[in-house]
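Subject: Structure handover

Hello,

Here is the structure you are taking over. Please open it first, then read the notes below.

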Amino acid sequence: MENGYRDRILVTEKLSDEGVAILQKDFIVDSKYGLSPEELLNEIPQYDALIVRSATKVNRELILAGKKLRVVGRAGVGVDNIDLQAATERGILVVNAPTGNCIAAAEHTIAHICALSRFLTSADAGLKRGIWDRNAYIGTSLEGKWLGVVGLGRIGREVSRRAKGLGMKVLAFDPYTSEETAKSLGVNLEPLETVFSNSDFITLHVPLIETTRNMVNRELLSKVKPGARLLNIARGGLIDEEALLEYLNNGRLAGAGIDCFVTEPPSKIPDSPSERLSKHPKVLATPHLGASTVEAQLDVAIEIAEAVMSALCGELVPTLVNAPAVSSDALVYLKPRALLAERLGRLAYSLAGGTFSGDITIHFYSNDGDDGESRLIRTGVIKGLMEPGSDHVINVVNADMVGKVHGLQITEIKRRCVGEENCITLQMKGSPPIKGRVIGNRPHVTCIGEFEVDLVLEGLVLAYYQVDMPGQIGKVGNILGQANVNISFMTLGRHLPSRMALVLLGLDSIPDTKTLEKIRADVGLEKRPVLLDLDGNPG
Ligand SMILES: NC(=O)C1=CN([C@@H]2O[C@H](COP(=O)(O)OP(=O)(O)OC[C@H]3O[C@@H](n4cnc5c(N)ncnc54)[C@H](O)[C@@H]3O)[C@@H](O)[C@H]2O)C=CC1
Ligand SMILES: O=C(O)C(=O)COP(=O)(O)O
């Protein structure tokens, strides 16, 4: 938000009022539900952020049309309806709300398991038609039965806990979950085929991504235990729907509980596999209701409102989807260092005369193996070096990609020296190394080449090298005074062997070129002083 401009947010699907209210404090929020793809394409150019749920397709075309778009918020977990690659290429932050609706989705799964095991929906529908048939609906007990969980993430774990409470035994497939996690839940980790061949109920809780699309296909279904029931409360596209119809029809599966379909709503494509599944007598079908509880909608609305607000304000958001996640705790420590990296990059760019070389080395203190940390520091440097001279917005999402396109070769040297925890040194080939330190959460430069200085990297700074002799500073003070430019602070680093000094002067306003030229001439500088706008807008 600058010069009275307020960012505009478009909300295309129902978001609880509490979330909208949070956003309305600082932004203009328009809720426009049920827009057609064409209407959305027309609307999007005026918005800085877009908030969606699962029904809005945020495809490449929409992302390219969103000329001002900086943030896409997903009020829920799954982001398969968002073209993450296209968003990343444009530096658009995609944030989600990964925790708010997990309990609701787990409870919906348990509701499906209970309803399927006792034919609740069919029995209810029959009775409403006047049929009192107690023999047609002999159910199956859950006590002692095996539940197979595919995907032991947030929802899979909550489902496992609840199933154990019902007396079920749980086995799971998740190649990325540790034995310890599974053990702590009392769950056996098994290969996918074993899960399918041993379970009485199988439930999917994986994201829809390249490796999970159609993971439940004919081949896997051929392993299923006769009479098993399959649940998909996760995403349409995980199951080959034609194959599922076949296994329901041939009697190998006793039933299925489906909340998510390839085509939503299924009736959008008459006679599609989705529609046939939704109408199949052995299928308990719900219209993507996993997240639909009052509590979950309140929680995701608040979660996404806070994430979008932070993202629009340039904050680092822990629920960023198109960059590695960094925990909120780590961010507290990393944010000032990322800012220091950016300011050092900007300083290096300005001191090099508004350019950068492709060969950069960054030295910084690091806890081994912390990729999030490296990435944030690297992003800061790339942003500082490249944003002032381009119209690119550079952030953690696209920094590596933009750097690569412009030929940046970055070497990271990580150290663990005591006392250096808050320091970063930036070495650009052909320029002196610049060292900085975070002091009291503010970025300071402490050394430029051989010159020791101490300057908070904020605001306007005039930098120049002069011969270290009496009377020089006074001359500059006079010239700036005559030009009505106030000096807010100064720091001077001396190099005794060469009798040179590096002077950094904080200024309250920008001197004109004539003033800078007069300083150069009167102080006998080799080059005109460099004006650094450390908080300034790029360009
Ligand atoms: N029906 C609904 O309304 C809702 C549906 N969902 C869906 O549920 C999905 C899961 O949500 P969370 O549990 O919160 O996500 P999560 O990210 O906490 O868990 C996903 C788990 O899947 C595992 N996984 C990834 N690839 C796998 C593979 N090939 N095989 C087995 N496991 C694999 C991951 O290791 C992770 O543990 C979401 O992506 C979303 O699509 C989420 C909320 C509501
Ligand atoms: O959070 C998810 O992944 C969901 O599937 C919930 O979808 P919804 O927000 O209800 O359209």
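Where is Pro265 found? Pro265 is in the loop between S11 and helix H12 (273-279). The model is predicted, so please read what follows as computed from it.

**Backbone points**

The peptide bond from Glu264 to Pro265 is cis. Its omega is near -10 degrees. Most peptide bonds are trans, and most residues other than glycine have a negative phi.

- Asn214 has phi near 55 degrees. It sits in the loop between S9 and helix H10 (218-221). Asn214 counts as partly exposed because it has 15 C-beta neighbours inside 10 Å.
- His288 has phi near 50 degrees. Its loop runs between S12 and H13. His288 also counts as partly exposed, with 19 C-beta neighbours inside 10 Å.
- Phe119 follows H5 and has a positive phi, near 50 degrees.

**Domains**

**Ligand 1**

Ligand 1 is surrounded by 33 residues. The closest are Gly78, Gly151, Gly153, Pro207 and Gly290. By class, the shell has 17 nonpolar, 12 polar and 4 charged residues. Helices H5 (102-117) and H7 (154-165) each supply at least two of its residues. H7 gives the most, with 3 residues. Why does ligand 1 lie between domain 1 and domain 2? Because both domains give residues to the shell around it.

**Ligand 2**

The residues around ligand 2 are Arg53, Ser54, Ala75, Gly76, Val77, Gly78, Asn101, His288, Gly290, Ala291 and Ser292. By class, 3 are nonpolar, 7 are polar and 1 is charged. His288, with its positive phi, is one of this shell.

**Helix H5**

H5 has 16 residues. From first C-alpha to last, H5 reaches 23 Å, close to the 22 Å expected. Its buried residues include Cys102, Ala104, Ala105, Ala106, His108 and Leu116. The buried residues of H5 pack against H7, S9 (201-204), S10 (228-232), S11 (253-258), S12 (283-285) and H13.

**Cores**

In soluble globular proteins, nonpolar side chains tend to be buried together. Here the largest nonpolar core has 140 residues. Leu50, Ile51, Val95, Val308 and Leu344 have the most contacts inside it. Helix H13 (residues 294-312) gives the most to this core, with 10 residues. What does Ile51 contact, leaving aside its neighbours within four places in sequence? Its contacts are Ile9, Val11, Leu15, Gly73, Ala75, Ile304 and Val308. There is also a second, separate core of 5 residues. Among them are Val476, Ile479, Leu480 and Leu516.

**Ala348**

Ala348 is in helix H14 (residues 328-351). Is Ala348 buried or exposed? Ala348 is buried, because 24 other C-beta atoms lie within 10 Å and the cut-off for buried is 20 or more. Not counting residues up to four places away in sequence, Ala348 touches Phe356, Leu385, Leu426, Met428, Ser431 and Ile434. Ala348 and Arg70 are 278 residues apart along the chain. Their C-alpha atoms are separated by 27 Å.

Best wishes

Notes:
Residues are numbered from 1 along each chain as its sequence is written. Chains are lettered from A and ligands numbered from 1 in the order in which they are written. This is a predicted model: local features need pLDDT of at least 70, side-chain atom pairs count only at pLDDT 80 or more; totals for chains, interfaces and linings use all residues. A residue is near a molecule or strand if its C-beta atom, placed from the backbone, lies within 6 Å of it. Ala, Val, Leu, Ile, Met, Phe, Trp, Tyr, Cys and Pro count as nonpolar, Asp, Glu, Lys and Arg as charged, and the others, Gly among them, as polar. A nonpolar core is a set of buried Ala, Val, Leu, Ile, Met, Phe, Trp, Tyr and Cys residues joined through C-beta atoms within 7 Å. A residue is buried if 20 or more other C-beta atoms lie within 10 Å of its own, exposed if 12 or fewer, and partly exposed in between; C-beta atoms are placed from the backbone. Helices (H or I, at least four residues) and strands (E, at least two) are DSSP runs, numbered from the N terminus. Two residues are in contact if their C-beta atoms, placed from the backbone, lie within 7 Å. Domain bounds come from an automatic or database domain assignment. The expected span of a helix is 1.5 Å times one less than its number of residues.
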